[in-house]
Amino acid sequence: MHEVRFHGRGGQGAVTSAELLAHAAIAEGKSAQAFPSFGPERRGAPVIAFARVSDQAIRNRTAIQKPSLVIVLDPSLLRLVKVDQGLQPGGTVVLNTGRDPDAIRKDFGIQARLATVDANHIAREEIGRVITNTTMLGAATAAVAGMVQTQLLIEALDERFGRIAARNIKAFTRAQTETRIVEAV
Amino acid sequence: MEKRIGLEASIAVAEVVGLCDADVISAYPITPQTHIVEHLSEMVADGELQAAFVPVESEHSAMSVCCGTVAAGARTFTATSSQGLALMHEILFIVSALRLPVVMAVANRSLSGPISIWNDHSDVMAERDIGWVQIFAENAQEALDLTIWGFRLAEDQRVSLPVAVNFDGFILTHTIEPVLMPDRESVQAFLPAFEPLMRLDVDQPITMGPVGIPDIYTEAKKAHQEVLTQSYGPIVETLDAFAKSFGRQYLPVETYCADDAEVLLLTMGALGETAMTAVDQRREKGDKIGLVRLRLWRPFPFDDLIRAVGKVPVLGVMDRAISPGGPSPVASEVKATFYQQEQRPKVVEFTVGLGGRDTPLSDFDGMFDTLLAVHRGGEIPKPTIIGLRE
């Protein structure tokens, strides 16, 4: 089972990312859950959202304490939140950053497998706004094979975003090719 | 044809209220129920659902509107949570005493104070005696299925009582998961047109809800007690009918791995699913643990519970609410069930998951260990709050 935690700021679409991931997995016939961190949310404040994806039925209603995948939508969160908290052995952290992954590893002490992409840059160029949730989903699919089918995720994006879907899909696919991965220490 | 889609439980419930062709929805938004009525108001505004959406200034008014519209023969739905349910309190008794078949979704949430928007069952437990049929869902599928079924049962003329479908706030209301969404034709085939026992009609005026003087009040209460108790038969019958139509069988009390169990844990609501996973893990280690999942809260299914427990000597009971100064509500009912039975289990009381406190698998392990210790001859511990920070 994939257990995913998204870190973002209120308004950046972390909850939407979790939902899109679940919709794509369900469309593939898998089981999935997507849920926000329960409670009130404020624009700009750090928020988290969760998803589970499994080939078997998911009978678990607990919070995700030990994610296998962490996706960080906003680079500024690295200074505020220990994003690899509880990460399972063998897990992956996917970061939105333009910096060198080894430098990130050194500065923030992240030992885990690390995938990085400059999602701010991609989103600004392709979408015209620095809303990185769809870009980071592209990076996540590049970092973790077999979780969801790219095509089904693109269909989920298409359904959700209507007339701005094309730009989001472009950002998503571009992130897939621009993601850099460094293995765990 | 059913369609397998990913939906939040709240949206799934709103969608099936549409498939049931509700005539009136009256509600006041309250977290974590809000998505249900938000979605219904969109459906009405977009013309997808030909219904009257009556926005009101409070839940007291919402339930009062429901009272009037059902009395006039309109299929009526509302949804609420926590303080909203508490604010409906006095009208809830009137709706059931008047035999008015409202269907209400309750997105279970704790009651203040302290102020909490998070999940437990204290809202519905404070409404134990409202005289409604009260049932619990464990997942989004059950929430939508039991909503469809709720209209069928409520409007059954042998019953003609309001039905509350409980499903856990946030844990279910805010979670997207796969559901099988029935099509309109099969829902309509399952759900006959609403023919009320009596109808408010300006051309044939009647009085509903007059004063119950001492000469009649006791008899009215006896009649209410009887009709709710006797609704058990139609409940089982209509759940069977639901299974025939949709292929999903629900029972007043269900079990999991109970056949050879040495100890059982009783759950109600969404944590039943986590409990199943916890049982699976312990079964792999050879521990003979099973579950009793209480689905029907009112009328209380005494005989089903006795059958489900059988000769198992130790029964843990999980309560999601407390009754300060007294036993927790579900444990109290369970103990009352067995008190006069020759064969009765030792009952161990746990209070779990109050006000959104997460209940991880390790908490279930702790409860199972306690039950197994009692099974090995240990003393029955005093009622325990699980997951307490000390």
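**Chatting through helix packing and aromatic contacts**

Reader: Hi! At what angle do α1 and α5 of chain A pack?

Author: Hello! In this predicted model, helix α1 (residues 14-27) of chain A packs against helix α5 (residues 150-161) of chain A at an angle of about 125°, and their axes are 8 Å apart. α1(A) and α5(A) are therefore oblique to each other.

Reader: Nice. And is that crossing left-handed or right-handed?

Author: The crossing of α1(A) and α5(A) is right-handed.

Reader: Which residues meet there?

Author: From α1(A) come T16(A), E19(A), L20(A), L21(A), H23(A), A24(A) and A27(A), and they meet L152(A), L153(A), A156(A), L157(A), R160(A) and F161(A) of α5(A).

Reader: Over to chain B, then. How do α8 and α9 pack?

Author: Helix α8 (residues 214-230) of chain B and helix α9 (residues 232-246) of chain B have axes 4 Å apart, at an angle of about 30°. That angle is under 35 degrees, which makes α8(B) roughly parallel to α9(B). L228(B), T229(B) and Q230(B) of α8(B) touch Y232(B), G233(B) and P234(B) of α9(B), and these residues divide into 3 nonpolar, 3 polar and no charged.

Reader: Switching topic: how many aromatic pairs are there?

Author: Over all chains, the structure has 9 aromatic pairs. In chain B, ring pairs join F190(B), F242(B), F246(B) and Y250(B) into a cluster.

Note on methods: Residues numbered from 1 in each chain as written. Chains lettered and ligands numbered in written order. Predicted model: local features only at pLDDT ≥ 70, side-chain atom pairs only at ≥ 80, totals over all residues. Heavy atoms only, no water. Axes fitted to C-alpha atoms, helices over the stretch in contact; angles between N-to-C directions. Helix = DSSP H or I, 4+ residues; strand = E, 2+ residues; numbered from the N terminus. Parallel < 35°, antiparallel > 145°, perpendicular 65-115°, else oblique. Left-handed = near helix turned anticlockwise from the far one by under 90°. Contact = heavy atoms within 4.5 Å. Phe/Tyr/Trp six-rings, centres within 6.5 Å; stacked < 30°, edge-to-face > 60°. Nonpolar A, V, L, I, M, F, W, Y, C, P; charged D, E, K, R; others polar.
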